[in-house]
Amino acid sequence: MADTYDYDVLVIGAGPGGYVAAIRAAQLGLKTACAEGRETLGGTCLNVGCIPSKAMLHASEYFDAAANGAMEEMGIEVKPKLNLDKMHAQRLDAVGGLTKGIEFLFKKNKVDWKKGYASFVDAHTVKVGDETVTAREVVIATGSSVTPLPGVEVDNAKGVVVDSTGALELKSVPKKMVVVGGGVIGLELGSVWRRLGAEVTVVEFLDQLLPGMDMDIRKEAAKIFKKQGMELMLGTKVTDCSVKGKTATLTVGSAAGGATTEIKADCVLVAIGRRPNTQGLGLENIGLSVNQRGQIEVDHEFRTSVDGVRAIGDVVPGPMLAHKAEDEGIAVAEWIAGQTGIVNHDVIPGVVYTWPEIAGVGLTEDAAKERGAIKVGKFPMMANSRAKTNHEPDGFVKVIADAESDRVLGVWCIASVAGTMIAQAAQAMEFGATSEDIAYTCHAHPTHSEAIKEAAMAVTGKPIHM
Ligand code: FAD
Ligand code: NAI
């Protein structure tokens, strides 16, 4: 098939969208190359995102449990001593192992890695460094980068004003950290440094944390983070930031305007969102434009407006999540190979890996109400035997179902293992489950997942353990 072109498929970007697309395309018998400008494969997720952040979250969770009483509660008396260099080393070890793993998978599946940043010459011709590569189909999977905050200059090397990449690598625990943005990154990385001893203040423009999540979850999350010692400045904006030596001074005020105050910190983390990577791709050479949010619009086969050019992952609309990018990677390769690639964008779980974890899938209660009458069942983790036994009383599960059909429209949870629990909700929704289906599914005891069953039972007002 690749007679007139060097390749059947050229994927640009080797993040979870791109590397998965390349591997699946090769598995389907297509001659495939993948261009990646970074030194290592795996994109944001493996290099500076999901994996290193989870490495620091996991390690700091142990430290926190030992330092702040959770272990003592269970009869284990220890005085932890932080070896931050070693904690960073295990983070780098995880990243190294996993990125090398993708390199191995490329070799195994005969995907050619074209090293360098790619730019379109025409729709089927791409320059990667000094090389020119042609392909029948090109998939743009260039991902996203940190959104800058005007007037606040990030300098990761200096370590005073940092973005998520800098915040993963701080050489010492800040005394005072200000996180600008109470979203996923701010809360995850803010949690890491709070657990290790920093005093953390979160400045969030909106009047609640975690936009996009269910309102009950957002309110409960705020209570929990406050209880853990984070200071939350909601409805607040940063109007200025200056750095002198190792101290940053932020000017903050109400989002609505009015008086301002100053906060000093030895570390400021800017985490106000991410934006798609399209600069330098030569989109103008193929007549491909981006929407108002800088994203590339695609149809359900991931085709852009330019013949032979498709796009997936963070660079297209939808949640900026690794598993969404991966699923799109598989689907786009299947479409290119003449098969049908399906991604159900209505059922994409989201997880915040704090303590406890915060997870959701499907519609929020407000969004579901807009569509019609609903029933809601809630169950507190305090009443779940496993969570109670494990000294993990915080959180709840909420199941939202259509009032008439009982079909589950959304599930939200805050629980120590909410990220694991949400998988069953996603699977149930994928199969079109009703709340009754979940309520009558036998769940192992004692597990946190029983709280999902009980919340489903609560939809009809009949939970047992409450
Ligand atoms: P990316 O992973 O961004 O990969 C794109 C790749 O393309 C990059 O390697 C880039 O170098 C390369 N590239 C860009 N332009 C070119 C070019 N012109 N030529 C060649 N190569 C190019 N998501 C989750 O689901 N779970 C999490 O726990 C999670 N944690 C995160 C933590 C942090 C701190 C951050 C920043 C993000 C996190 N995310 C998480 C989001 C997740 O990383 C992204 O949604 C995911 O990586 C997107 O995958 P992608 O393939 O679209 O793009
Ligand atoms: P985010 O969109 O989750 O949160 C950004 C927050 O900053 C929002 O609450 C927003 O209201 C606030 N904000 C925007 N401008 C502001 C300003 N000027 N001042 C104060 N607050 C402001 O974005 P975040 O946290 O940067 O993460 C980017 C993306 O990365 C996420 O949307 C998510 O898709 C992905 N991610 C996913 C993770 C996961 O799945 N566990 C972990 C980390 C990132």
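This dialogue reads a predicted model feature by feature.

Q: How many helices and strands does the protein chain have?
A: Helices (H or I, at least four residues) and strands (E, at least two) are DSSP runs, numbered from the N terminus. The protein chain has 14 helices and 22 strands. Its radius of gyration is 23 Å, close to the 23 Å that the globule rule gives for 466 residues, so the chain is as compact as a globular protein of that length. That radius is taken over C-alpha atoms, and the rule is 2.2 Å times the number of residues to the power 0.38. The C-alpha trace spans about 65 × 60 × 45 Å along its principal axes.

Q: In what order do the 5 strands of the open sheet stand?
A: Strands of a sheet pair through backbone hydrogen bonds, either parallel or antiparallel. Two strands count as paired if DSSP finds at least two bridges between them. Here the order is β8-β15-β9-β10-β11, with parallel pairing. β8 (161–162) and β11 (231–233) stand at the edges with a single partner strand each, so one side of each has no neighbour in the sheet. Inside the sheet, β9 (residues 176–180) and β10 (residues 199–203) pair over 5 bridges. K176 has E199 as its bridge partner in β10.

Q: Which strands make the hairpin that contains G245?
A: The strands are β12 and β13, with 2 residues between them. β12 (residues 236–244) and β13 (residues 247–254) run antiparallel and are joined by 8 bridges. D240 stands opposite T251 in β13. G245 takes a positive phi near 60 degrees.

Q: Which residues come nearest to ligand 1?
A: A residue is near a molecule if one of its heavy atoms lies within 4 Å of it. Ligand 1 has 38 residues around it, and G17, E36, T44, K54 and A118 come nearest. For polar contacts, look for a pair of N or O atoms within 3.5 Å. A polar side-chain atom of K54 lies 2.6 Å from an oxygen atom of ligand 1. A polar backbone atom of A322 is 2.8 Å from a ligand oxygen. For a polar side-chain atom of H323, the distance to a ligand oxygen is 3.3 Å. The protein covers 93% of the 1,000 Å² of accessible area that ligand 1 has on its own; such areas come from the Shrake-Rupley method with a 1.4 Å probe.

Q: Which element gives the most to the shell around ligand 1?
A: α2 does, with 4 residues.

Q: How many residues surround ligand 2, and which are closest?
A: There are 22, and the closest are E188, E204, G273, M320 and V351. A nitrogen atom of ligand 2 is 2.8 Å from an N or O atom in the side chain of E188. A backbone N or O atom of I185 lies 2.9 Å from a ligand oxygen. The protein covers 78% of the 830 Å² of accessible area that ligand 2 has on its own. Helix α6 (residues 184–195) gives the largest share of this shell, 3 residues.

Technical notes
Residues numbered from 1 in each chain as written. Chains lettered and ligands numbered in written order. Predicted model: local features only at pLDDT ≥ 70, side-chain atom pairs only at ≥ 80, totals over all residues. Heavy atoms only, no water. Polar contact = N/O pair within 3.5 Å; in protein donor to acceptor, adjacent residues only side chain to side chain.
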